[in-house]
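Biologist: Can we go through this one together? I would like to start with the strands.

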Amino acid sequence: MTTTPLAVTAPQQGFSPVRILIGIVVLAALIAAPFAVYPVFLMKVMCFALFACAFNLMLGYTGLLSFGHAMFFGGASYICAHTIKVMGFTPELGILAGVAFAAVLGLLVGLLAIKRQGIYFAMVTLALSQMFFFFCLQAKFTGGEDGLQAVPRRAFFGVYDITSDFNLYYAVLVIFLIGFAIIYRAVYSPFGQVLKAIRENEPRAISLGYRAQQYKLLAFVLSAALTGLAGSTKAIVFQLASLTDVAWQMSGEVVLMTLVGGMGTIIGPVVGAAVIVAMQNYLASLGEWVLVIQGVIFVLAVSLFRRGIVGEVIAFVKARKEKAGA
Amino acid sequence: MRFTAMLMAAASVFAVSAAHAQTPVKVKIGVLNDQSGLYADLGGQGSVWAAKKAVSDFNAASKGLQVEVVFADHQNKADVGTSIARQWYDVDGVDLIVDTPNSGVALAVSQVTKEKNKVFINSGAATSDLTGKACSPNTVHWTYDTWALANGTGKAMTKNGGDTWFFLTADYAFGHALERDTSEVVKANGGKVVGNVRVPLNNADFSSFLLQAQSSKAKVIGLANAGGDTINSIKQAAEYGIVEGGQKLAGLLIFLTDVHSLGLKTAQGLNLTSAWYWDMTDANRAFAKEFSAANGGKFPTDVMAGVYSGVTHYLKAVEATKSAKDGAAVVAEMKKIPTDDKLFGKGEVRADGRQIHPMYLFEVKKPSESKGPYDYYTLKATIPANEAFRPLDQGDCPLVKKT
């Protein structure tokens, strides 16, 4: 990475008073949220939002559709659950172990997959993730069909008690904000700009002297590690790790969340995750109709508002501004 | 849906207060199962109906209980299942969760139920760990488990002359456990296992495995698999004429609805173990008739009957303890009073949470023998209640005091 970011300048994104105000309001809302909404639901939303944001780093900003992110999500949740339950780790160490595992796995998978693009990249990641699924199905420590159950909720750092959902919420909130800050930083750094350049025109980025492969690999590892963070946190919230998390459907679900929310926008995946998880939770009493509704929403998203919820809002605001300016 | 339930609940309040002038004990029952995936047929809305039927047959309102039934789809995901369970217990005031097929989800829900001190009556899941290593003072396992299925099919078939076995095993923990448990039973009853083959999960082509099974000349081919794998292996076995060739197929985990979707032509001659079959007693037939009228011609499975039976017994216990709030106390009461209802007859709930009743070995009829819709099984053997389930001291359940 000896290149100097000559051609790429970060977009203006100063901390204007309006932005700071919005940030404070959102933070206050997040802190107050568990008083109004059921905390387990909120934690689930945050886990999936982090997962979708990490995934968006690949799909939205690097332009690579990975169809195997479930292996990082589920793999980390197995490692986290196993280290805490069997080896007696505290939650933060369990999460670190999960993240480290996901990062190493991401590096190995990335080295293989990054050589290809488009459908081939998607297929390579899908194939590797299926291999990992069958490994988890067979391996002794994962508990096969039954999964790893009854993961204890030990105190964070040995001091912060998380046995009540209410306390755990704030721990998860901090984890989510850290993860989100890392993604935000990555996207709005020169590194993020290079990724976007590669997405738009890879040969050109290479001709400018950027080592596209290395950038893509780094983005992949980062995305895998953050996905691992989400998976590990989920294992603690639900006190279990199961095959659901490594199955290919999970890889598909995160694509759905990202597309519905708005791919390539920083906040889109969070909105998408909230919408999808809310549907799973609050429409559960409709039985099988949940899946039908999910399908309809996906079709609507793809055919009517292709930029996703947040993407459309941004486009709308922009159009109005331009109108006002003209 | 919910509105009418509320109206009915409100109506029952008035009825009760008029009769007894005492505040009714509120009970909320949540049916948590698969409503959209591969287990939707064997439980699904049928279990919801069975739970509601149990409530109305129990005449809850006249006994000072005000019962409401809700339901949800866990989509076979343990995290969806636990979030619904937590939300039901924490926010919606649910006291009892019933059914819940899929072993992974069931174990997770059992865990949450213990933490929140509510009651979990499982009818749909197979894992015998629910009353073994993972047993809980708040969980009762009602209808069947892997041990009972392996034991029922293995023992009865070996005794009936099927003394050499070949296993077609799904290659993961569940398949291995079924094969191991069944082989032990076969050997203990003087039979012999002549071979086995491990088949990858979700396999589409069983031909080479079935040919191995055929050439092994074993009298019985045991299918240690589940769901789509079982269906596919039975279909392809029919194409190879395995049953016509004199070998017997033993399904270790198969339900009435599976036989229905396979059709008698394909499934004929298959042996299987079940806890309940509609065409056995007058009470069962009456239940099935009513069920069928309300559910578009479908017939109830043993899982649905188990939900009915379990809910009935639970309501008896709540009536005795006068409150549904302390789950462990209700389950303790359930263990104290003997079980007795029109579908499962007399029985008991053991210290480890296992409900005890007889199991039955059935053979699937030939198309020519079947007289009407869902007339599929012939009874081959009855496994008496005291032999049907794993002995109390062999399950490693911490609730059972070692002597």
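**Strands, a helix and the chain contact**

Modeller: B:D340 has B:K346, in strand 12 of chain B, as its bridge partner. This is a predicted model, where local features need pLDDT of at least 70, side-chain atom pairs count only at pLDDT 80 or more, and totals for chains, interfaces and linings use all residues. Residues are numbered from 1 along each chain as its sequence is written, with chains lettered from A and ligands numbered from 1 in the order in which they are written.

Biologist: In which sense do strand 11 and strand 12 of chain B pair?

Modeller: Antiparallel, over 3 bridges, with strand 11 at residues 339-341 and strand 12 at residues 345-349 of chain B. Strands are DSSP runs (E, at least two residues; helices are H or I, at least four), numbered from the N terminus, and two of them pair if DSSP finds at least two bridges between them.

Biologist: And what joins strand 12 to strand 13 of chain B?

Modeller: 2 bridges, again with the strands antiparallel. They form a hairpin with 5 residues between them, and B:G353 in the turn has a positive phi of about 95°.

Biologist: Switching to helix 13 of chain B, which residues are buried?

Modeller: B:G327, B:V330, B:V331, B:M334 and B:K335. Buried means 20 or more other C-beta atoms within 10 Å of the residue's own, C-beta atoms being placed from the backbone; 12 or fewer is exposed, and in between is partly exposed.

Biologist: How many residues does each chain put into the contact?

Modeller: Chain A puts in 27 residues and chain B 30, contact being C-beta atoms, placed from the backbone, within 7 Å. Helix 2 of chain A gives the most to chain A's side, with 3 residues.

Technical notes: Contact = placed C-beta atoms within 7 Å.
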